Amino acid sequence: MGIKKPKIIAIAAVSGGGKTTITTSLTQVLNNSTTLYFDEYDLEGPDDVVNWVERGADCNEWNLEPLISDLRNLISSEGTEFILLDYPFARLHDKLKNIDLTIFIDTPLDIAMARRILRDFRDKNAESILDDLSLYLSGGRSGYESMLKMIKPNSDLIIDGLLPTEEIVNIICDKIKS
């Protein structure tokens, strides 16, 4: 008898939308699960993300080979029932269409921005925060809007990002069981 293929579940959201929190919480409740975090990889992608978004945000411009290699190794390993991907592209990258379930955490952009500032700028000065907000207003916001236009409608399950973490995890677990 061969190895049972694990279910691959991708969690997407805009930056600050809760994908890492939800993915980490899912890892704690799903037995035999392993997690891969997109942000932990040094992936080759477009040099100018704002320009990339303006050109249509083709996910295939990202070289995901290191992530894909780790994913292949997990798929062929014994004992893993679920592979959780903290990953922004749903099934839109041609080399990662084999995802079993894609989830989009739909968090309002103002809440996501506030969370990101609290997370990333805790030890920074006010000038750093203002510079980041200026970048967001001058073009970075288009990346967030692009996710809402492209990733959200290509996800199997869309969950309100204002719900408590435990409730989001329960909704996902119920979907996995069904």
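Modeller: α5 gives the largest share of the lining of the largest pocket, twelve residues. The model is predicted, so local features need pLDDT of at least 70 and side-chain atom pairs pLDDT 80 or more, while totals for chains, interfaces and linings use all residues. Residues are numbered from 1 along each chain as its sequence is written, and side-chain values use heavy atoms, without hydrogens and water.

A pocket is an open set of points on a 1 Å grid over the protein atoms alone, where a 1.4 Å probe fits, with protein on both sides within 12 Å along at least five of seven lines; lining residues have an atom within 4 Å of a point. The space in this one is about 1100 Å³, the volume being that filled by probe spheres set on the points, joined across faces, edges and corners.

Its lining has 45 residues, and Val14, Ser15, Lys19, Tyr144 and Met147 lie nearest the centre. Besides α5 (126-150), at least two lining residues each come from α1 (19-29), α2 (49-54), α4 (109-120) and α6 (165-177). Helices are DSSP runs of H or I, at least four residues, numbered from the N terminus. By class, 24 lining residues are nonpolar, 14 polar and seven charged. Nonpolar means Ala, Val, Leu, Ile, Met, Phe, Trp, Tyr, Cys or Pro, charged means Asp, Glu, Lys or Arg, and the others, including Gly, are polar.

Two of these helices also meet: Thr21, Ile22, Ser25, Leu26 and Val29 in α1 contact Thr165, Ile168, Val169, Ile172 and Cys173 in α6 (heavy atoms within 4.5 Å). Seven residues of this contact are nonpolar, three polar and none charged.
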